[in-house]
Amino acid sequence: MTPPRISADRLLADLAELARIGGRPDGGVDRVAGSEADLAARRWLASRIEAAGLEARTDAAGNVFGRVPHSRGPWLLLGSHTDTVPAGGRLDGAYGVMAALEILRAFHEAGHPSAEQLEIVSFYDEEGVGAGGGLAGSTYLCASEHAAELSGYLELHIEQGPRLEAEGFELGVVDGIVGIDRWDITIHGAANHAGTTPYSMRRDAGAAAGRILHGLRRLVQAVDAEMVANVGEVRLLPGATNVVPGEARFVVEMRALDPRSLRRAAEALHEEVAAAAAEAGCEATVTPRSSVPPAPMDPRLVGAVEAACAESGRRWRRLVSGAGHDAGRMAEVVPAAMLFVPSHLGISHSPNEHTEPALLAQGAWVFASAAAKALEFPRDNDHISGK
Ligand SMILES: [Zn+2]
């Protein structure tokens, strides 16, 4: 069944209005989860839902939902988040929520028979600026009874990376969301005088750390060419210009879609850390800090998104999301899939985040088409154990 016409003008006007809540003079947005602006944006969303003759509901975690009044599940959930990082952009999260609202509104207004099987959501605290680590709202939903009333989850989002635009694609179908493993590494050497200690007698923890950082790209790419790793902060102790570092501390973060790649890279990292420490006359400890497993998307929902992209006649490709999303958490309990639109120059988490309005409108249209296809799937809830 074809989706009803959605209004690009109304979608873009909603996006512009939402961007004013917590809006900054530089065009960016400050709507950190729990801030006055974040809560105001959630109240505004609920009022937009009700103004369309729909039912708005906020759960105990702060997630805002909308659906046709008196509708009964299972629902296909469409959404994203309206919180931002400090000095964030107008589109990260907001685009997916506003597109979901426009799609539900259009289905409802058209009296589409599937309107009652749609629900929309703005998840609470996706970004995790505070202590929680993010994905708070989707984590809460996954553990709540409402999860068993969902047939699936679809999320529309900006890519937040440069690949689609650089390669001339207008749409990206997400294969899966990378897993993220972090390792705490400490190199133990000996602090000593930087002028009088000969190289042969140094136990330089900084030199060992330097070798590990330098080799990290080659280490992970030898395991998986699509894999990336990062060290964003290094501490050398005691931290003085004229003292050979007695200790080095840093965190290695590794991201991959294939859990075997994460395991193999971890083994290689352990070996390299031991070798680098030994070469510098040091000892090393490697301890796991955190692990978020990769989230493959649901093949059948991915197929619906692909079919919608193919029918659009626009250039599209499959790609892996290197950034975390609510869809990754949702994929643990319901079938989930994502559609990306390009991010200009790959800029995100910045006031300079931008996607051409025509691409935003097109993405929403293709997303509506994907939702319509997914709504035609037989309404089993086989993924819910015990049901
Ligand atoms: Zn986001």
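Predicted model: local features only at pLDDT ≥ 70, side-chain atom pairs only at ≥ 80, totals over all residues.
View 1. Helices (H or I, at least four residues) are DSSP runs numbered from the N terminus. The end C-alpha atoms of H1 are 19 Å apart, which agrees with the 18 Å that its 13 residues should span at 1.5 Å a residue, the expected span being 1.5 Å times one less than the number of residues. Leu11, Asp14, Leu15, Leu18 and Ala19 of H1 are buried, where buried means under 20% relative accessible area, exposed over 50% and partly exposed in between, with a 1.4 Å probe and protein chains only. The buried residues of H1 pack against helix H2 (36–51), H3 and helix H10 (357–375), contact being heavy atoms within 4.5 Å. Gly22, whose phi is positive and near 80°, follows H1.

View 2. Side chains of opposite charge can pair when their charged atoms come close. Asp14 and Arg105 are joined through their side chains by a salt bridge, at 2.8 Å from N to O; the term stands for a side-chain nitrogen of Lys or Arg within 4 Å of a carboxyl oxygen of Asp or Glu. The pair links distant parts of the chain, with Asp14 in helix H1 (residues 8–20) and Arg105 in helix H3 (residues 94–109), 91 residues apart. Asp14 counts as buried at 2% relative accessibility, and Arg105 is buried as well, with a relative accessible area of 3%. Both belong to a network of salt bridges that links Arg10, Asp14, Arg48, Glu102, Arg105 and Glu109, and the structure holds 25 salt bridges.

**View 3. Arg211 and its partners in H7.** Arg211 forms a salt bridge with Glu272, their closest N and O atoms being 3.0 Å apart. Because Arg211 lies in helix H6 (residues 205–223) and Glu272 in helix H7 (residues 259–279), this pair ties together parts that are 61 residues apart in sequence. The side chain of Arg211 also meets that of Glu279 in a salt bridge, at 3.2 Å from N to O. Glu279 lies in helix H7 and Arg211 in helix H6, so this pair ties together parts that are 68 residues apart in sequence. Arg211 is partly exposed at 28%, Glu272 counts as buried at 17%, and Glu279 counts as exposed at 62% relative accessibility.

**View 4. Helix H10.** The 19 residues of H10 reach 27 Å from the first C-alpha to the last, close to the 27 Å expected at 1.5 Å a residue. H10 is mostly covered, with 14 of its 19 residues buried.

Methods: Residues numbered from 1 in each chain as written. Heavy atoms only, no water. Helix = DSSP H or I, 4+ residues; strand = E, 2+ residues; numbered from the N terminus.
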